[in-house]
Amino acid sequence: MKFFIDTANLDQIRDAQELGVLDGVTTNPSLMAKEGITGRNNILKHYVDICNIVDGDVSAEVIATDLKGMIREGEELSELHDQIVVKVPMIRDGVKALKYFSDKGIRTNCTLVFSPGQALLAAKAGATYVSPFLGRLDDVSTDGLNLIAEIRLIYDNYDFQTQILAASIRHTMHVIDCAKLGADVMTGPLSSIEGLLKHPLTDIGLAKFLEDYKKGN
Ligand code: E4P
């Protein structure tokens, strides 16, 4: 399972990278705005800064919602750095753009996916990644994890190569559950990854080992 961090905050990206288990970064326009990154040039520069911190894939989202605009922006983004994956929304022109980029060998992440049908379309259009937003489904009393399971079943039935990128992860149990269901990738806040290492018995056990060592030395 690949671990992506879902942020545009460079300090958090550096922290995650230093942990040694980071495989990539996802961003979106809201995460960029949260960091105060505005204006096309600053946004493009920020993507390059992120690519220079991490080794893996960095999702960069198009803003246009028409096919021509998405193609123009996506090509510009993909030329920024070879780690860039063009993030395209699951809308009608988005499906066409996914197919266009796929035919040109430009890697894509189909975002804002909330149903198995949308995920099937993304795979048919040749998306590299599909991003089901499980946390946002949970927010509206719908089982987000069930969507991950449904997409896994469909992709396995037909051997689709599109990778399931479980997005909108909110906490560590989402990560564990997605791993059990066979999601290829998770993206979430740094806390959802760091939560994996915590266990009180580890802390208690380590304290005892150190105490016993001191007794004998
Ligand atoms: C995915 O790529 C999105 O950036 C993200 O996971 C959305 O998460 P949120 O629902 O916590 O905003």
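This is a predicted model: local features need pLDDT of at least 70, side-chain atom pairs count only at pLDDT 80 or more; totals for chains, interfaces and linings use all residues.
**Salt bridges and barrel strands**

Arg-170 and Asp-139 form a salt bridge, with their closest N and O atoms 3.0 Å apart. The pair ties together distant parts of the chain, 31 residues apart: Arg-170 sits in the loop between E7 and helix H9 (172–181), and Asp-139 in helix H7 (residues 134–139). Asp-139 is exposed, at 51% relative accessible area, while Arg-170 is partly exposed, at 38%.

The salt bridge count comes to 14. Next, helix H11. Four residues are linked there in a network of salt bridges: Lys-208, Glu-211, Asp-212 and Lys-215. Asp-212 bridges to Lys-208, the closest N and O atoms being 3.0 Å apart. Both lie in H11 (residues 200–215), four residues apart, about one turn of the helix. Glu-211 meets Lys-215 at 3.9 Å, N to O, and that pair is also in H11 with a spacing of four residues. How exposed is Lys-215? Its relative accessible area is 61%, so Lys-215 counts as exposed. Asp-212 is partly exposed at 33%, as are Lys-208 at 42% and Glu-211 at 44%.

Now the barrel. Eight strands close it, in the order E1-E2-E3-E4-E5-E6-E7-E8, with parallel pairing. On average, neighbouring strands of the sheet are turned by 30° against each other, ignoring direction.

Last, helix H8 (residues 144–158). Helix H8 lies across E5 (108–113), E6 (129–132) and E7 (163–166), and runs at about 175° to E7.

How values were computed: Residues are numbered from 1 along each chain as its sequence is written. Side-chain values use heavy atoms; hydrogens and water are left out. Two strands pair if DSSP finds at least two bridges between them. Helices (H or I, at least four residues) and strands (E, at least two) are DSSP runs, numbered from the N terminus. Axes are lines fitted to C-alpha atoms, for helices over the stretch in contact, and angles run from 0 to 180 degrees between N-to-C directions. Contact means heavy atoms within 4.5 Å. A salt bridge is a side-chain nitrogen of Lys or Arg within 4 Å of a carboxyl oxygen of Asp or Glu. Buried means under 20% relative accessible area, exposed over 50%, partly exposed in between (1.4 Å probe, protein chains only).
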